[in-house]
Amino acid sequence: KYQGMFKVITNAKGDSCDIVNEIPMEAYISSLLTKEMNPKWPIEALKAQAVAARSYALHKMQTQQVTKELGNLAYYDLESSEKHQVGGNFFDATESTNKASIETMGEVLTTVRGKIDPIFFHSKCGGRTLRPDQVWNNKEEGYQSVNCPFCHNIGQKPWTHIITKERLKSFFLWASEQGHLKESFGGGLGSIVLVPDDIDKF
């Protein structure tokens with residue numbers, strides 16, 4: 001069960017459709033909190049996440065830039081996925097997440113100029129945060145790279161899978177054949193054509 005309304009929207013050709021959930025902001029934030037963090041965490045942590053998630057959602061709504069392909073022609077504001085934010089359903093909201101949403105209602109993070117920028121968040125930074133331009137090449141006002149004592153050497157290390165050199169070579173060959181290297185790596189590596197022997201120099 002979901003709150004709000006559902007709209008079924010077809011594409012221009014009429015050969016597929018999307019189901020769009022139109023939901024009030026605070027109901028969206030309350031159910032989202034259980035998906036983006038542990039709903040049993042302290043209320044102040046939930047409230048901080050509520051403000052960050054609301055800021056991100058409002059930025060997307062204002063800019064109307066859901067995807068690079070659709071730009072402002074998209075008929076929805078956010079995707080419920082790791083691409084944007086993972087939303088929940090009616091049963092995901094709890095007393096704590098409702099409280100966090102209501103007690104921060106209308107609160108957003110802005111730049112010193114009063115602009116709502118996208119607020120990026122993550123589960124673990126590894127000991128130092130990165131600016132958006134260090135991750136996606138897009139400069140956003142107000143971000144700084146800082147040391148984080150809370151994530152350094154805390155929790156289970158996620159890097160446990162080993163990729164062989166042969167598999168890495170295979171991936172770069174495939175990416176080169178598909179034309180993805182320039183888009184993925186920008187000007188630095190984008191102008192390099194990788195062949196199997198080149199991976200030893202990488």
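Serine 31 is a residue of helix α1. The model is predicted, and the values given here are computed from it. With a relative accessible area of 2%, serine 31 is under the 20% cut-off and therefore counts as buried. Its side chain comes to 3.2 Å from the backbone oxygen of tyrosine 28. An α-helix has 3.6 residues a turn, so residues three or four places apart point the same way. Once residues up to four places away in sequence are set aside, serine 31 touches Gly88, Asn89, Asp92 and Ala93.

## Nonpolar core

Which residues make up the largest nonpolar core? There are 12: Tyr28, Ile29, Leu32, Leu33, Met37, Leu46, Ala50, Ala53, Tyr56, Ala57, Leu78 and Ala100. Two or more of these residues come from each of α1 (25-36) and α2 (43-63). The most are given by α2, with five residues. Leucine 33 belongs to this core. Beyond its neighbours within four places in sequence, leucine 33 is in contact with Leu46, Gln49, Ala50, Thr97 and Ala100. Of these contact partners, Leu46, Ala50 and Ala100 are also listed in the core.

## Accessibility and cysteines

The table lists the relative accessible area of three residues.

| Residue | Relative accessible area | Class |
|---|---|---|
| Serine 31 | 2% | buried |
| Cysteine 148 | 15% | buried |
| Cysteine 17 | 46% | partly exposed |

Cysteine 148 is buried because its 15% is under 20%. Cysteine 17, at 46%, falls between the 20% and 50% cut-offs and so is partly exposed. With a cut-off of 2.5 Å between cysteine sulfur atoms, the disulfide count is zero.

## Helix α5

Helix α5 covers residues 165-178, which is 14 residues. At 1.5 Å a residue, α5 should span 20 Å, and its end C-alpha atoms are 20 Å apart, so the two values agree.

## Confidence

The protein has a mean pLDDT of 80, with 82% of its residues at 70 or more. Among its elements, the highest mean pLDDT, 94, belongs to helix α3 (residues 95-103), and the lowest, 46, to helix α6 (residues 181-190). Over residues 183-202 pLDDT stays under 50, and the model has 21 contacts beyond four places in sequence for this stretch. Where pLDDT is low, the predicted coordinates should not be read in detail.

Technical notes: Residues numbered from 1 in each chain as written. Heavy atoms only, no water. pLDDT = per-residue confidence, 0-100. Helix = DSSP H or I, 4+ residues; strand = E, 2+ residues; numbered from the N terminus. Contact = heavy atoms within 4.5 Å. Buried < 20%, exposed > 50% of the residue type's maximum accessible area, 1.4 Å probe, protein only. Core = buried A, V, L, I, M, F, W, Y, C linked by side-chain atoms within 4.5 Å. Expected span 1.5 Å × (residues − 1). Polar contact = N/O pair within 3.5 Å; in protein donor to acceptor, adjacent residues only side chain to side chain.
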